[in-house]
Amino acid sequence: MEPKKSSSSLKVGILTLSAIFILIFTVLWIKGRSLSAGERIDVIFKDINGMRAGSGVQMMGLRIGQVEEITPIINGKDSYIKLRFVITEKDVEIPPASRISIQQSGLIGEQFLEITPPEIQTVFVETIKSTTAIEKGQEIYMELSGSLHKIGNVDECIVLPTSQIPFDLKNKIKTKYTLRIKYTITLPGLVLDNDEISAKIINNQLIFYMLDGEKLYAPNQNLKYTVIEPMRISDFMEINYKASKSLNETNEKISEILSDEMVGELRESIKNINELTANASTTLDKAQLLLDSSKKELEDVLAQSNKLISKLIILTDSLNEITNDDELKNSIVQTTKSVGELSKNVNTLLEDKKTKEIITNLDEISRNLADISSYMNEFTKDDKLKNDISSTVSNINKISANINKTLNNLNNLDSCQKASVDNIISDTVVTSRNLRKFSEKLNKRFLLFRLMF
């Protein structure tokens, strides 16, 4: 009987231990703890969007582990959640700078942790050269928090004609050539959008920068991976709601713009444009006909123009030959100087006060003698008196001629001759004055005689 009791106690003990083991395993499985001795990794999230312990961990679509523990760390505005997961698959290592994000299979499916190794990305950069010195493996830098940081490496860099780059980038690239740079980000915590960055070379360093000039902050140096914060369904729906609202407002504005009245005006404008185009075409046709009909006249005008141009060329050549004749050139210059001096002397002589007075007096003497001669011819029969007056007029004319001759030769006289001329001028002035008085008396007497008869 003793052996049977021992066997029963052993069975009860084994069953009890098995139940305890199953209970512990179930509790650990429910809590997400794994009995595996694989690598355990801690990451920090600001929000895990309802993920629970026990959720799967995938890399490139393959399940490699599970979430083991989720611990909230409450510290005011610096609060966060520490998520620990374990790698259960052997020989699986997570590369540094891999992206870790919370994904969901469908809208209401199970959540899981997705790990994405660093990916090769591509950026297109303007260049004016057909070659480049950038090589594979070259380090890439970027200004973060005011200083340059190494952010990755070049995987490939080639120069392409801009005509061969994607169509949506051709409007952004203005140069003849384009650099296509394939690169990998190796700095944990840094996330870049290819559409928002470009690159430049300074001191043989390839430096990335933001197209909008935004200054980025350097990530925490203690990070090993890049954590992508999840977006809640509520946030996603709110964004979609705002987008739908904006789209609705845009549609309303378009509807207001495209009212029946506006559509009618657009149709009228299009009709007018079509008529204008038709009229313009007719006008051009008429202009072409006019040109065709006037072709001969135009050709004649062009021919005459060519003849005129030829004659002008001959004339200019002749003028050039004349100007090249030194003897003729000197004669023309000398003649010009002589005429200039003569004009200057005549102007000087005419501006002299005495000369002006002589010319005035001579004119008056001529007029007075003419009047006296006319009166005498009219009222006297005395031939001797007539002859005396005619002789006087003749003498006066001779005097005028001599004076004119003297004036012409005045510049060639010496000082004695000029003094003699001055005396003659003075006597002429006295004589002209006496003749003027005599003429005035005669005029008065003849006037009285006319009144009497």
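## The largest pocket

In this predicted model, the largest pocket holds about 390 Å³ of space. Its lining is made up of 15 residues, and those that lie nearest the centre of the pocket are Val43, Ile44, Leu223, Tyr225 and Val227. Two elements, β1 (40-45) and β13 (226-228), are the ones that give two or more residues to this lining, and the largest share, three residues, comes from β1.

Sorted by class, the lining of the largest pocket comprises six nonpolar, five charged and four polar residues.

## A nonpolar patch on the surface

On the surface, Ile254, Ile257, Leu258, Met262 and Leu266 form a nonpolar patch, and together these residues have about 420 Å² of accessible area. Helices α2 (233-257) and α3 (260-293) each supply at least two residues of the nonpolar patch.

One of the patch residues, Leu266, is found in helix α3. With a relative accessible area of 41%, Leu266 counts as partly exposed, because this value lies between the 20% below which a residue is buried and the 50% above which a residue is exposed.

## Lys129 and its loop

Lys129 is found in the loop that runs between β7 (120-127) and β8 (139-144). The relative accessible area of Lys129 is 56%, and the residue is therefore classed as exposed, the cut-off for that class being over 50%.

Lys129 can also be placed relative to Thr175, which is 46 residues apart from Lys129 along the chain, while the C-alpha atoms of the two residues are separated by 9.3 Å.

Notes:
Residues numbered from 1 in each chain as written. Predicted model: local features only at pLDDT ≥ 70, side-chain atom pairs only at ≥ 80, totals over all residues. Heavy atoms only, no water. 1 Å grid on protein atoms, 1.4 Å probe; cavity = no way out; pocket = protein on both sides within 12 Å on 5 of 7 lines; lining within 4 Å. Points joined across faces, edges and corners; volume = space filled by probe spheres on them. Helix = DSSP H or I, 4+ residues; strand = E, 2+ residues; numbered from the N terminus. Nonpolar A, V, L, I, M, F, W, Y, C, P; charged D, E, K, R; others polar. Patch = residues over 30% accessible without salt bridge, like charges linked within 9 Å, V, L, I, M, F, W, Y side chains within 5 Å. Areas by Shrake-Rupley, 256 points an atom, 1.4 Å probe, with all protein chains shown as cover. Salt bridge = Lys/Arg side-chain N within 4 Å of Asp/Glu carboxyl O. Buried < 20%, exposed > 50% of the residue type's maximum accessible area, 1.4 Å probe, protein only.
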